[in-house]
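I opened this one to see how its parts sit together. My notes follow, in the order I looked things up.

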Amino acid sequence: MRSPHRLLRNLHLASTPLIGAYVYSGALREMPAFAAAVQWVAFPLAAGVGLLLWLGPRLARRAAARGMAQ
């Protein structure tokens, strides 16, 4: 497995427990600092990295096809 893919996967996996704690723990949800960290850092990070992991191979194939055509 390539290093950037592993880094992206680890970022995705590291941010999801924070989101789970926010969803399932009312006490943590009431802490303004934790709620802000999840809403403005953890969730956008997990969503963005998840999209990159999902669409990455398609984008790489498209980039390679454009490079071959030129």
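I started with F43. Skipping neighbours within four places in sequence, I found F43 in contact with I19 and V38; contact means heavy atoms within 4.5 Å. F43 sits in helix α3 (residues 32-69). I also checked F43 against H12: they are 31 residues apart along the chain, and their C-alpha atoms are separated by 9.5 Å.

Some housekeeping before going on. This is a predicted model, where local features need pLDDT of at least 70 and side-chain atom pairs count only at pLDDT 80 or more, while totals for chains, interfaces and linings use all residues. Residues are numbered from 1 along each chain as its sequence is written, and side-chain values use heavy atoms, with hydrogens and water left out.

Next I looked up the overall layout. I got 3 helices and 0 strands for the protein chain, running α-α-α from the N terminus. Helices (H or I, at least four residues) and strands (E, at least two) are DSSP runs, numbered from the N terminus. The radius of gyration is 17 Å, well over the 11 Å that the globule rule gives for 70 residues, so the chain is more spread out than a compact globule. That radius is taken over C-alpha atoms, and the rule is 2.2 Å times the number of residues to the power 0.38. The C-alpha atoms fill a box of roughly 55 × 20 × 15 Å along the principal axes.

Then burial. I noted that 14% of the 70 residues count as buried (under 20% relative accessible area; exposed is over 50%, partly exposed in between, with a 1.4 Å probe and protein chains only).

On to helix α1. I read its buried residues as S15, I19 and Y22. They cover an arc of only 60 degrees around the axis, which puts them on the same side of α1; the arc is that of the directions from the helix axis to the C-beta atoms. The face turned away from that buried side carries the exposed residues S3, A14, P17 and Y24.

What makes up the largest nonpolar core? I listed 7 residues: I19, Y22, F34, A35, V38, A42 and A46. Such a core is a set of buried Ala, Val, Leu, Ile, Met, Phe, Trp, Tyr and Cys residues joined through side-chain atoms within 4.5 Å. α1 and α3 each supply at least two residues of this core, and α3 gives the most, with 5 residues.

Last, I went back to I19. Beyond its neighbours within four places in sequence, I19 is in contact with V38, A42, F43 and A46.
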